[in-house]
Structure formats: C-alpha cells, structure tokens
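My notes follow the structure.

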Amino acid sequence: MSENKIYIIGDVHGCFKTLIALIKKLPKNARICFVGDLIDRGSRSSEVVDFVRKNNYDCVLGNHELFMIEDTPKILENRDFMLESKWIQRAGGYSTLKSYNRIDKIQSDVEYFKNLPLFIEYKDIKTEDGRYLVVSHSSVEENWKFRNYPIDSFEYEEFKHSTLFSRYKNYDNKEIYNVYGHTPTTEPIIKEFRAQIDLGCCYSKNIGLIPRLCALEFPSLELIMQENIED
C-alpha cells in the first residue's frame, strides 16, 4: 500500500462551520480533495468556496456548481430570471446568492467553477489490491471508458452526465477506486471498488438522516465524521 494518503470530503453544501470543525479533526497540512457541491442549501456557500480556493485544495465539479455556472449570467442580466431558474427555486441557489455581498466575487467564483475538472486521478495513491484513486462528484460508472473522448462527442457527454448526476453506482472499473458523493445516505457506503460519502450535511433530521459531513482517508478507508453545527 502506498504511504501517501489523502482525505476526500463529501458534499459541503454551504455548511461552513461544520466544514471547519471537520478540518480541525484532520492532520495539520493534510492533503484534501472535495467531491464538489460546495454550494447551495446551506447559508455560507461563499465562505466555503473562499476557504477551498485560498487553501488551494483539490476539488471536482459538482452538479450544483454547474447550475450556478449556467444560471448566474442570466440572473445578472435579468433578475426576473430567478423566478424560472430551477437552481434558485429548487436547488438551493437562492441561499448561495444571499451569501455573497459583491457581484465581482460571484463572477470570480463562477470562473473558478468553470475550471474545475470532472474527475481527478491520483495514480500515486493505491489500495492494497492496486486500485488507484479517482475522485468524482457521482459515480463514473461504465462510462469511465469515455473519459478521454472529444468533449463534443456523444460518448463524452454521456460520461459527463453520469459523473455529475448518476444515481446508479454499482459498476466496477477494475483499475480504479472511485470515491464520490451526490446522493445522501444514512451512512457511508464502502465497497471493494467504490465509496459513497455524502451524508446529507445540509439537511434536517426530519427526513431520516443524521446530517453530517464526512472525510474519507484514502487508502486506509478510515472515516472521520462531523455532525452539522450550523446556526
């Protein structure tokens, strides 16, 4: 097993206080990667993004960042678009916009999101059986084989869609260990070829979850948890 290690953190969704509390449980100067969905639903999205950017942590694109990329220019051009924006009305985008106090900061973060990768390969960090780490927002699924296709191809679009939105998460790509979030679960799901670590940090307990933020140490697969402590 590689002596290198990294901590992968699940969907933060604007829960800044909870994130900082979790970070304090990790080793100083820990290598960290986020699975995307830094924003929306929680009330402190701008602070979460600022923290990740200032510390130069690795992060992949989540579907909520994609929503902000797509809808922000339309909202800045015409505020009435907020009434028809699914990001604002259904995905927690209003909380994100409220967390900003400057338009130029919104625009800066949108540009940052545009440059986030769909996945990150850590070929230097492997499990005991030789699988190297791949972090993505959702499962890369069987479409992993399309990752290097031209970005304007149908195959790459299929890969992009599954990596951002998929709810099917049971395909074994033999050479990799895939860690992702996207779908909240009551407990982390740790299998021989994948780990799903979104524990619904931004949600209330009345939907059957214990809202927590999770960090997965790789390759040990040790879990570090922090319950939601937002105001």
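By cavity I mean a set of grid points where a 1.4 Å probe fits but cannot get out. Rolling a probe the size of a water molecule over the atoms shows where empty space is left. The model I searched is predicted.

**Entry 1: cavity.** I looked for cavities of 30 Å³ or more, and the structure holds one. For the largest cavity I noted about 40 Å³ of space. Which residues line the largest cavity? I listed Ser139, Tyr171, Asn173, Ile176, Asn178, Phe193 and Arg194. I then sorted this lining by class and got three nonpolar residues, three polar and one charged.

**Entry 2: sheet.** I traced an open sheet of five strands with mixed pairing, and its order is β4-β5-β6-β8-β7.

**Entry 3: β6 and β8.** I checked how β6 (residues 176–180) meets β8 (residues 194–196): the two strands run parallel and three bridges join them. Opposite Asn178 I found Arg194 of β8. I had already noted Asn178 and Arg194 among the residues lining the largest cavity.

**Entry 4: record.** I looked up the UniProt annotation, from an unreviewed entry, and it gives "domain: Calcineurin-like phosphoesterase" for residues 5–188. Over residues 5–188 I noted 37% helix and 15% strand. The end C-alpha atoms of that stretch are 19 Å apart.

Conventions:
Residues numbered from 1 in each chain as written. Predicted model: local features only at pLDDT ≥ 70, side-chain atom pairs only at ≥ 80, totals over all residues. Heavy atoms only, no water. 1 Å grid on protein atoms, 1.4 Å probe; cavity = no way out; pocket = protein on both sides within 12 Å on 5 of 7 lines; lining within 4 Å. Points joined across faces, edges and corners; volume = space filled by probe spheres on them. Nonpolar A, V, L, I, M, F, W, Y, C, P; charged D, E, K, R; others polar. Pairing = 2+ DSSP bridges. Helix = DSSP H or I, 4+ residues; strand = E, 2+ residues; numbered from the N terminus. UniProt positions renumbered as here; feature names shortened; annotations may be inferred.
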